[in-house]
Amino acid sequence: MKRSKKAALILMAPAATLLLAGCGEQEQEVHVFHDVDECAAFYHPPAACQAEFEQAQAMHTQMAPRYQNQLECEADFGAGQCETAPERHQSGSFFMPMMMGYMAGQMLNRGNLAGGQAQPTQQAAGGSRPAVPTQPLYKSRDDRSTFRTASNQAVASQPGVARVRPSAVQPQRAQLVRRGGFGQQAAARQEAMRRDARRQRSYGS
Amino acid sequence: MPVVSAVTAANMKRVQSTPRPGWQAYAESLGFQFHTIDGEPYWDESAYYQFSLRQIEQDLEDVTEQLHAMALDLIPDILADEQKLDQLAIPADYRDALAESWRRGDPHLYGRMDLVYDGSGPAKLLELNYDTPTSLYETGFFQWVWLEDQLMRGELPAGADQFNSLQDKLEQAFANLALPQPFHFTSVRESIEDKGTVDYLLDIATQSGVDGRYIALEDIGSLDGQYYDLQGEPITGLFKLYPWEFLLEEAFAEQVKTSQTLWLEPLWKLLLSNKGILPLLWQKHPGHPNLLESHFDNGSALEKGWLRKPLFSREGANIELVTADGKRLSEPGPYQDAPFIRQGLQPLPSFDGNYTLIGSWVVGDSAAGIGIREDNSLITKDSSRFLPHIILD
């Protein structure tokens, strides 16, 4: 026999469509502030504000997005808004944006007098809902009012209470790695073909 | 019973056939999303080709392995000769890395050579697609399934076979290559056809016990001379369905020299996927029955009975030819930027008005089956249809 004895597939037969995690996920209340004083001004205990801030600050060095140089960083975060990161690459230091605020995922015990709403109960301990970790926040060059997480998720446009989907604000380690350095020829040739109203279907042969 | 003359019976035949009802939906359920492209049929089972076992074994299988050995045999000659490397337009910056990939014995997985063959006489080598060959899934899997289905339905004579051990051989290769784990597979994000081919290889590799993972080419990361996946882990092994001559012109090319990544196909395949291998083969084996006379192009006007194609091109792009009676044919494309070769024109045989090309697969160093493409012109292109075949004596 000149043909394969069997030809099975185990991955290619498509599985049932996966629903995106996060659909129907319950939002959780968090507190967003520029600094410890602002947190305390919202009637939270200063000690709790300070503790959360320090926690966010410690995560800042791990989570802040990394750039090859200051110029690239400032292009996203604005002039004078970047600092050197702890890591070095072959030709210098990485840069990262400065921390512009923080998000407290834990309850700040004093209570939310300003909002007057009932306190959400902390359900993370029961494990039924993922908690929102306390983390640093940033502001982009083009949009100085919005607080964003290290992975560029907008969370609030003013200090105080905000609601977030926990899955959208899970901290990730900063990526030092550059991407997009392969595939440029494909893009260029695709463009050349488009001018001839043709399309390059494959980069195989 | 149709009366068939003895001469015709021995010949390769094109046989009309009834497509399996509803095969399109079935194809899609098996991951074959590109069976029809831009509304035009690509997989075409309204006919099949029939060969005798002798034709397959002597004219195609043996010839494929012989041509493959001749091509590999040229590599040390090329590496030892700067002029040949110049002729093949190998970037000077990467010659050391390329030679190193050969001396180190970086493994190769697969390749496909395109042959002109009409059932009699020696098959002639048109080119080696030895870096990024496609039509793999169609050949190794869907053609195989077609045969089994049609045998089961009684649409094909019992005992019909197929020259197609592609999937078996790929599975063995993945099991034997001792690839670094995990092993990544990559293709250009927007090409569903390339993703289909890569998914198929990933599937086979997984069946062989390889911890295979997909990453879009555009998502590959680079840091300090290494390549990284989206989880930030170094890429230790990478199958890429993307030509080396493109990769080496791109922003992350430099790290090819420093990274620990094992590439499939290896960098040395740049020599064989290059159309310049055709004149070099001809120089070493002039008059070989399975070769067409070939030369590096000198830029002069193309004479009757010759064809011109770029060193690097795909899917029939930028090919120009003049038939024996002076008819000029050309195919536009995005590959104007490489030097060209010219090759004696061996017109593709015509079956019921279709021009037929045979893609003959090599896995490791073994012939592993064929896939057939049909076009309505002498130049086989990405729009050419794929037809199945059988062996029947």
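Predicted model: local features only at pLDDT ≥ 70, side-chain atom pairs only at ≥ 80, totals over all residues.
The contact draws 41 residues from chain A and 81 residues from chain B. Between them, the two chains bury about 5,100 Å², and 50% of this area lies on carbon and sulfur atoms.

Polar interactions also join the two chains. There are 39 residue pairs in polar contact between chain B and chain A, counting pairs with both residues at pLDDT 80 or more. Six salt bridges are found across the interface of chain B and chain A. A salt bridge links A:Lys6 to B:Glu171, with 3.4 Å between the closest N and O atoms.

On the side of chain B that touches chain A, the elements giving two or more residues include the helices H2 (23–29), H3 (53–79), H6 (136–152) and H7 (166–176) of chain B. Helix H8 (192–207), helix H9 (244–247) and the strands S9 (221–223) and S10 (226–228) of chain B are also among them. H8(B) provides the largest share of this side, with nine residues. Sorted by class, the side of chain B that touches chain A comprises 35 nonpolar, 25 charged and 21 polar residues.

The contact between the chains also involves strand pairing. Strand S9 of chain A, residues 178–179, pairs with S9(B) in the antiparallel sense, over two bridges. Within S9(B), B:Ser222 is the bridge partner of A:Arg178.

Terms used: Residues numbered from 1 in each chain as written. Chains lettered and ligands numbered in written order. Heavy atoms only, no water. Contact = heavy atoms within 4.5 Å. Buried area = accessible area lost by both parts, 1.4 Å probe. Salt bridge = Lys/Arg side-chain N within 4 Å of Asp/Glu carboxyl O. Polar contact = N/O pair within 3.5 Å; in protein donor to acceptor, adjacent residues only side chain to side chain. Helix = DSSP H or I, 4+ residues; strand = E, 2+ residues; numbered from the N terminus. Nonpolar A, V, L, I, M, F, W, Y, C, P; charged D, E, K, R; others polar. Pairing = 2+ DSSP bridges.
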